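I opened this model to look up its fold, its helix packing and its core. My entries follow in the order I made them.

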Amino acid sequence: MKVWKKNLIAAAILVTVCAGIYVNWRYTEDQAAANLTDTLDTEKVMSDDNLVLSEDMAAISAGEDVATTSTDYFAAVRLSRQYGADETQARVAALLHDCTKKLDLPQQLSLCRHYAILLDEMERNYLKLLHSKTGAAVARDRFGVSDEIYNAIFYHTTGKADMTLLEKIIYLADYIEPSRSFPGVEELRTAVHEDLDRGLCRALADSIVELQGYGSPVHPNTQEALSYIQREIGGTIE
Ligand SMILES: [Fe+2]
């Protein structure tokens, strides 16, 4: 047999073997990600904040005052009532927004591949940014949420330009919920309840200053969110 034929056969065998290895790897990883969503139990799906919910729900059932409850769930509900958003959507989004927060980085990345979530360089390395994306995907896949709720969860850590009312509410509720105690949070809460867009502007600006103070990069979506809302309200917030 001529040499070129031998080489051709060898190359064909090599390609076939590599293709088999690749298909097997993808199948194994897909299975692992699928198993991950299958085995997400309440403790893994619900964050600490949301686990507190059961106690608060008991308080509601008993007719107790829950105004001081320390969950962003109730912050979202209050904001949705004040600003006329769909309260049911706000409740569902608030309940599920951190549903994958307890998963580690390899698990987050596995879910991103499983759900074909495209990531930029920054997102690949920041767990905080990943859980909003995987949380949205799991919320839609496992709980069948609407696109509106999906997007509110997806952007709850970064914000984005031209946010919907629900997206603003979930972003801000997460930021100002009563257990937060960072300097300036009271002023921010007041601003949010006086004017949602001006409150959002302040929250985004504060978030960027805080990240820069830590030497952390700021996601482009957050920068774009701030620029957009500044144009909307016609200026910056002092
Ligand atoms: Fe979160």
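**Fold.** I read the elements from the N terminus on as α-α-α-α-α-α-α-α-α-α-α-α-α-α. The protein chain has 14 helices and zero strands. Both are DSSP runs, helices being H or I of at least four residues and strands E of at least two, numbered from the N terminus.

**Source.** The model is predicted: local features need pLDDT of at least 70, side-chain atom pairs count only at pLDDT 80 or more, and totals for chains, interfaces and linings use all residues. Residues are numbered from 1 along each chain as its sequence is written.

**Whole chain.** I looked up burial next. Buried residues make up 34% of the 238 residues in the protein chain. A residue is buried with 20 or more other C-beta atoms within 10 Å of its own, exposed with 12 or fewer, and partly exposed in between, with C-beta atoms placed from the backbone. Of the contacts with a separation of 6 or more, 59% join residues 24 or more positions apart. A contact needs C-beta atoms, placed from the backbone, within 7 Å.

**Helix 5 and helix 6.** I found these two packed at an angle of about 160 degrees, with axes 9 Å apart. Axes are lines fitted to C-alpha atoms, for helices over the stretch in contact, and angles run from 0 to 180 degrees between N-to-C directions. Helix 5 and helix 6 are therefore roughly antiparallel; that label takes angles over 145 degrees, while under 35 is roughly parallel, 65 to 115 roughly perpendicular and the rest oblique. Helix 5 passes helix 6 in a right-handed crossing, meaning that the near helix is turned clockwise from the far one by less than a right angle (anticlockwise is left-handed). On helix 5 the contact uses D72, Y73, A76, V77, S80 and R81; on helix 6 it uses E87, A90, R91, A93, A94 and L95. I sorted these residues into seven nonpolar, one polar and four charged. Here Ala, Val, Leu, Ile, Met, Phe, Trp, Tyr, Cys and Pro count as nonpolar, Asp, Glu, Lys and Arg as charged, and the others, Gly among them, as polar.

Helix 5 buries D72, Y73, F74, A75, A76, L79 and S80. Just after helix 5, G84 has a positive phi of about 70 degrees.

**Helix 9 and helix 10.** Helix 9 (127-143) packs on helix 10 (147-154) at about 160 degrees, axes 7 Å apart. That makes the pair roughly antiparallel. The crossing of helix 9 past helix 10 is right-handed. S132, K133, G135, A136, A139 and R140 of helix 9 meet I149, Y150, I153 and F154 of helix 10. This contact divides into six nonpolar, two polar and two charged residues.

**Core.** Which residues touch the most other members of the largest nonpolar core? I noted A76, A93, I169, I170, L172 and A173, out of 42 residues. Such a core is a set of buried Ala, Val, Leu, Ile, Met, Phe, Trp, Tyr and Cys residues joined through C-beta atoms within 7 Å. Helix 11 gives the largest share, eight residues. I then checked A173: beyond four places in sequence, A173 touches D72, A75, A76, L79 and A94.

K102 sits in the loop between helix 6 and helix 7. With 15 C-beta neighbours inside 10 Å, K102 counts as partly exposed. Its C-alpha atom is 8.4 Å from that of H131, 29 residues apart along the chain. In helix 7 (105-114), I found Q108, L109, S110, L111 and H114 buried.

Conventions. Two residues are in contact if their C-beta atoms, placed from the backbone, lie within 7 Å.
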